[in-house]
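Please look over the protein shown here.

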Amino acid sequence: MRLFLSSYRFGAHYDRLAGLIGTPGRVAVIPNACDAWPAMWSGAVTSDLTPLRRLGFRPEVVDLREYIGRTAELEQALRRFPLLWVRGGNTFVLRAQFARSAADLVIGRLLAEDALVYAGYSAGACLLTPDLHGIEKVDDPAEVHPACGIEPRWDGLALVDHRIVPHVHSPDTDPTGDCTRLAERYRAEGVPHWALTDDDAVVVDGDRVEVLCERA
C-alpha cells in the first residue's frame, strides 16, 4: 500500500510523492469533498487540476456521484490510473460519497493489490483514519444529508492507525484556529494522532510509515 497524506496539497514534500509514483502520468482527481458547495465546486476542481498539470500530470476528474450503483464500472475506471488525488473539503461529505459509490471498498481493494497510489490532502487524508470523531469541530456533519441524502458516517477507512488533524498552526487555511485546538484536545486526551501543518505529510510505503513533520 502506498499513501501520501498531507494537510494541503503537496506540502513541502512533493519529492516524496514523486518517489512513490515515478514519472508523472494520468491521475484521477476525486473532488467530492466539495459536493456540499455547488457554487464553489468547479473552481475547487480547477484549483487542483492546474498545479497537477504544471508538474506534468494528466488529471481527469472522477466524480463518485456518477458511479452510485455502478461499483464494477468504478473499479474498472480507477484501475486505469496509477494515482488517485483526493482533495480537501468536508470530510463527512467525502465519507458519505465514498460509501454511496462503494469507493471505500473499491479503493481498499486496489490499495491492497498495490495497483495505485492514493494521495489525499485535508479531508482526503482524514478519510483514511480509524474514525472521524473530533472532525466535527472543523467540518460540519449537517452538510451531509442535503448533499448526499444519507446520514453522516463516523467511521473512517482505517487504512492508517492515527487520526489526522490538518492545517495545524496554518493561518491561511485555518484562520479560526479550530484545527490547532483539535490537535491540542487530542494531545490532552491521549488520542493517537498526527498534527500536520500545511508543510507536513505522512508517507506510507508498504510497511513503512514516515511522518514528515515536527509534531506527532
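## Helix H1 and its surroundings

Glycine 22 follows helix H1, and its phi is positive, near 80 degrees. The model is a predicted one.

Look next at H1 itself, which spans residues 14-21. Its buried residues are Leu17, Leu20 and Ile21. Seen down the helix axis, these buried residues fall within an arc of 85 degrees, so they line one face of H1. Asp15 and Gly19 sit on the other side of H1, and they are exposed. The buried residues of H1 have cover from several strands. Among what covers them are E1, E4 (83-86), E5 (117-121) and E8 (201-205).

## Arginine 2

Strand E1 covers residues 2-6, and arginine 2 belongs to this strand. Is arginine 2 buried or exposed? Its relative accessibility is 18%, and buried means under 20%, so arginine 2 counts as buried.

| Partner of the arginine 2 side chain | Distance |
|---|---|
| Side chain of aspartate 114 | 2.7 Å |

The pairing with aspartate 114 is a polar contact.

## Leucine 132

Leucine 132 is in the loop between H6 and helix H7 (144-148). Its relative accessible area is 0%, so leucine 132 is buried. Which residues does leucine 132 touch, not counting residues up to four places away in sequence? They are Thr91, Phe92, Arg95, Cys126, Arg153, Trp154, Asp155 and Gly156.

Leucine 132 and histidine 167 are 35 residues apart along the chain. Their C-alpha atoms are separated by 16 Å.

## The largest pocket

Histidine 167 leads on to the pocket. How much space lies in the largest pocket? The value is about 330 Å³. The lining of this pocket is made of 20 residues. Gly89, Ser122, Asp139, His167 and Thr173 lie nearest the centre of the pocket. Helix H6 (123-126) and helix H8 (178-189) are the elements that give two or more residues to the lining.

What classes of residue make up the lining of the largest pocket? Nine are nonpolar, seven are polar and four are charged.

Methods
Residues are numbered from 1 along each chain as its sequence is written. This is a predicted model: local features need pLDDT of at least 70, side-chain atom pairs count only at pLDDT 80 or more; totals for chains, interfaces and linings use all residues. Side-chain values use heavy atoms; hydrogens and water are left out. On a 1 Å grid over the protein atoms alone, a cavity is a set of points where a 1.4 Å probe fits but cannot get out, and a pocket is an open set with protein on both sides within 12 Å along at least five of seven lines; lining residues have an atom within 4 Å of a point. Grid points are joined across faces, edges and corners, and a volume is the space filled by probe spheres set on the points. Helices (H or I, at least four residues) and strands (E, at least two) are DSSP runs, numbered from the N terminus. Ala, Val, Leu, Ile, Met, Phe, Trp, Tyr, Cys and Pro count as nonpolar, Asp, Glu, Lys and Arg as charged, and the others, Gly among them, as polar. Buried means under 20% relative accessible area, exposed over 50%, partly exposed in between (1.4 Å probe, protein chains only). A polar contact is a pair of N or O atoms within 3.5 Å; within protein, one must be able to donate a hydrogen and the other to accept it, and residues adjacent in sequence count only if both atoms are side-chain atoms. Contact means heavy atoms within 4.5 Å. The arc is that of the directions from the helix axis to the C-beta atoms.
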